[in-house]
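This briefing concerns a single protein chain and is arranged by topic. Please view the sequence and the model together while reading.

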Amino acid sequence: ILLAVLLTSSMIGGKENIRTTTVTHRIGERFGGGIVFFVYSNGEHGLIAALEDQDKGLRWFGGSSLNTGDGVGAGLKNTNIIIAYKGSSPEATFAAKLCKEYSVKVDGVKYDDWYLPSKLELSLLYIRRNLVGGFSYNYYWTSTVYKNDATWFQDFGNGHQDINISMPNSVRAIRTF
């Protein structure tokens with residue numbers, strides 16, 4: 001993880017004066033192992049998308065109704081809930097586990113805190129899809145469960161969101177900074 005605050009000090013009138021400089025980020029910037037696609041108003045924190053899909057035709061996992069949430073930041077919690085429910089056996093591959101196991105190394109720094117985006121996080125990613133790049137005109141899984149084994153997905157061809165039970169969809173991991 002990169003340090004976002006730089007400290008400088010100087011002596012003024014016998015007192016040490018410490019100044020901080022905050023590093024801000026912008027949408028479309030390569031940072032933290034991917035591309036920034038959402039920033040909070042101060043530019044210090046936001047969301048990063050992986051540079052490529054982790055899979056182009058994966059089933060979600062066909063579990064039962066799970067209590068997952070939606071919103072910015074919900075994807076990480078949802079991913080952990082899904083993995084705890086489904087288990088993390090080596091032979092089982094499903095969207096949340098695939099994102100959680102994803103890692104990338106950039107300039108000697110390993111980024112391994114990726115997760116399956118929530119419905120809202122994926123909608124925000126869809127809006128910035130052209131800046132991030134590499135998307136197919138396919139459906140992408142979210143980590144937000146609807147009910148009765150159905151999970152939300154995002155159509156990257158037309159932006160529509162809907163629910164599905166078992167159709168194979170693409171997967172793109174995200175992370176926070």
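Against which elements do the buried residues of α1 pack? They pack against α2 (95–101), α3 (119–127) and β9 (139–147), where packing rests on contact, that is, heavy atoms within 4.5 Å. The structure is a predicted model, in which local features need pLDDT of at least 70, side-chain atom pairs count only at pLDDT 80 or more, and totals for chains, interfaces and linings use all residues. Residues are numbered from 1 along each chain as its sequence is written, and side-chain values use heavy atoms, with hydrogens and water left out.

**Confidence and overall composition**

- The protein chain has a mean pLDDT of 87, and 85% of its residues reach 70 or more; pLDDT is the predictor's confidence in each residue, from 0 to 100.
- Over residues 1–11 the pLDDT is below 50, although this stretch has 24 contacts in the model beyond near neighbours in sequence.
- Four helices and 13 strands make up the secondary structure of the chain; helices (H or I, at least four residues) and strands (E, at least two) are DSSP runs, numbered from the N terminus.
- Of the 177 residues in the chain, 43% are buried, where buried means under 20% relative accessible area, exposed over 50%, and partly exposed in between (1.4 Å probe, protein chains only).
- The accessible surface comes to about 9400 Å², and carbon and sulfur atoms account for 51% of that area; areas come from the Shrake-Rupley method with a 1.4 Å probe, and for residues only the protein chains shown count as cover.
- Among contacts between residues at least 6 apart in sequence, 57% join residues at least 24 apart.

**Helix α1**

- Helix α1 (residues 74–86) has 13 residues and spans 18 Å from its first C-alpha to its last, close to the expected 18 Å, a value given by 1.5 Å times one less than the number of residues.
- Its buried residues are A74, G75, N78, T79, I82 and I83.
- Seen down the axis of α1, these buried residues fall within an arc of 160°, so they line one face of the helix; the arc is that of the directions from the helix axis to the C-beta atoms.
- The exposed residues K77 and A84 are carried on the face of α1 turned away from its buried side.
- G87 follows α1 and has a positive phi, near 95°.

**Strand pairing**

- An open sheet of four strands has the order β3-β4-β5-β13, with antiparallel pairing; two strands pair if DSSP finds at least two bridges between them.
- The edge strands of this sheet, β3 (30–31) and β13 (174–176), each pair on one side only.
- Within the sheet, β4 (residues 34–39) and β5 (residues 46–50) run antiparallel and are joined by five bridges, and V36 stands opposite I48 in β5.
- Five bridges also join β9 to β10 (residues 150–155), which run antiparallel, with K147 opposite A150 in β10.
- β9 and β10 form a hairpin with two residues between them, and N148 in the turn has a positive phi of about 45°.

**Loop residues**

- Most residues other than glycine have a negative phi.
- D107 has a positive phi, near 50°, and lies in the loop between β7 (104–106) and β8 (109–111).
- The relative accessible area of D107 is 78%, so this residue is exposed.
- V23, in the loop between β2 (15–22) and β3, counts as partly exposed at 31% relative accessibility.
- The C-alpha atoms of V23 and E44 are separated by 6.5 Å, with the two residues 21 apart along the chain.
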